Amino acid sequence: MNLRKAVLALSSRSTIHQTRSRRGCRLFSSLVLADRLQGLDRPTVWHEFSPLAAQHQAINLGQGYPEEDPPAFVQNAMHAAVYQRNANQYARSAAHMPLAHVLADDYNSKLQRTDIVAETHIATAVGCTHALYCALMGLIQARDEVILLEPAFDIYSSQVQMAGGKAVYVPLRPSSDASGASDYFQLDLEEFERAITPQTKAFILNTPHNPTGKIFSQTELEGIAEIVRKHPRITVIADEVYEYLVFDKTKEPHVPMASLLWDQTLTLSSAGKTFSCTGWKVGWAVGPPHLVQAVTAVQQWVTFSAPTVNQDAIAQALVQARQPYQGLPSYYDYLADDYHQKQQLLVEALQAAGMTPIVPAGGFFIMADTSAIEFPYPSMEKTPAMPVTPMPRDWALSRWMTQTVGVTAIPPSAFYSPENVPLAQNLLRFAYCKNAETLQEAHRRFAAYFQNQ
Ligand code: PMP
Ligand code: GLN
């Protein structure tokens, strides 16, 4: 039995839930989950590794959320939204207009267009996660296929399943002759084209990419666009939440997919990474009205509107971010510079542990090759989030590293379908959206353990 089938079998049994009534008597109810949730009710990689890190006082370089607070101008914008701009009641359902206007300006400039209009081309949502949920619920019919490139951020396949669709996986293949993450993780365009069938309805493209940091080049994106153009039924859902975390705009710029394939692309992004406010959950979708409508049609029945105050603060922050900041031409330049420095700290820490970082030119994660690390591999161990054996090597390694070395990473097998989990076994994903002191402490722990072996 393969990994996925085993996990599905475990979680598709009806679960007996034991609760207590107000009078304290035990009540038993038998709960059978809806088919669309089969296999999705178990804890996830996030539920396993953040608590494990806390339990062992490990440096948590697993879950990707910035350790820094949002910059002062962003915090002040939230204050102004509540106290001066009275953004406290329901927003317009599709998008709070001040945010829609700023986004329309930004995307007209990024995509070199003039026709992106706040009223019809922009939808806002509760983070990119919710924008994606609305997009998939709005676009996918039962049994439609959605192509995902692996490794793929784990919400993608789960949301495809909840929408009634079927995920079809195309792995990025490791290249032996690479200078960084962007050319190490290669998309074989022929393999991509072979994955397209008459049922293919969408393709989720994430650039800069989580978990690898790969930035898809103009040439790669043109290759994808050429193929997708032959299939007008397909929508490219471009998740670009790391769009501003790009370190060398001359050599490896972020190219928005919508600049090459406007009519078939729905671009998603959010404010969490850019302004270090992942908890504010402000996300959006931008594209031609026929695609944006799919999002707004779902959103109006799910949340009705995203929180006004958060949207208003981000509308102000996006305007401010264009201004010079700390001696640099804009806040975005400062952000990219700051992350580039943090990345260097993490690279040095990983090398101190004998790992080989596959260094990206964007995002805030590094995948590292861990093949040189020897550790006691309890392959028959199970956890609620990984209830099958053999436990993938990367999963076991991150557990061991948390418990023994005091540093936590995310095992990338969480981002692969069972067939392709072997591609993850010698990799771990480390986040560097952390303070310099945190990254230096990880370095100290790695050096103390691995250099005393
Ligand atoms: N897409 C990718 C690729 C991500 O890494 C994340 C994680 N934050 C999200 C979407 C979710 O974004 P948000 O927090 O805005 O929902
Ligand atoms: N996107 C972040 C990561 O990949 C956070 C994920 C999450 O909290 N679900 O680490």
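How much space lies in the second largest cavity? About 40 Å³ of space lies there. Keep in mind as you look around that this is a predicted model.

**Two cavities**

Let's start with the empty spaces inside the protein. Rolling a probe the size of a water molecule over the atoms shows where empty space is left. In this structure, two cavities reach 30 Å³ or more.

The largest cavity holds about 50 Å³ of space. It is lined by 13 residues, and the closest to its centre are Glu243, Tyr244, Trp284, Leu318 and Tyr332. Sorted by class, the lining of the largest cavity has eight nonpolar, two polar and three charged residues.

Now turn to the second largest cavity. Its lining is made up of Leu149, Pro151, Ala152, Phe153, Tyr156, Ile204, Leu205, Asn206 and His209. Strand β9 (residues 200-206) provides the largest share of this lining, three residues. Here the classes are seven nonpolar and two polar residues, with no charged ones.

**The sheet**

Strand β9 also has a place in an open sheet of seven strands, where the order is β4-β12-β11-β10-β9-β5-β6 and the pairing is mixed. At the edges you will find β4 (122-126) and β6 (166-171), each of which pairs on one side only. From one strand to the next, the twist averages 25°.

For a look at one pair of strands, pick β11 (residues 265-270) and β12 (residues 282-286). The two run antiparallel and are joined by four bridges. Within this pair, threonine 267 stands opposite valine 286 in β12.

**The ligand**

Which residues are the closest to ligand 1? They are Thr129, Asp239, Tyr242, Ser270 and Lys273, out of 13 residues that surround ligand 1.

| Residue | Atom of ligand 1 | Distance |
|---|---|---|
| Tyrosine 242 | oxygen | 2.6 Å |
| Serine 270 | oxygen | 2.7 Å |
| Lysine 281 | oxygen | 2.7 Å |

Serine 270, with its 2.7 Å contact, belongs to the stretch 265-270 that forms strand β11. Tyrosine 242, at 2.6 Å from an oxygen atom of ligand 1, is also one of the closest residues to the ligand.

Conventions: Residues numbered from 1 in each chain as written. Chains lettered and ligands numbered in written order. Predicted model: local features only at pLDDT ≥ 70, side-chain atom pairs only at ≥ 80, totals over all residues. Heavy atoms only, no water. 1 Å grid on protein atoms, 1.4 Å probe; cavity = no way out; pocket = protein on both sides within 12 Å on 5 of 7 lines; lining within 4 Å. Points joined across faces, edges and corners; volume = space filled by probe spheres on them. Nonpolar A, V, L, I, M, F, W, Y, C, P; charged D, E, K, R; others polar. Pairing = 2+ DSSP bridges. Axes fitted to C-alpha atoms, helices over the stretch in contact; angles between N-to-C directions. Near = heavy atom within 4 Å. Polar contact = N/O pair within 3.5 Å; in protein donor to acceptor, adjacent residues only side chain to side chain.
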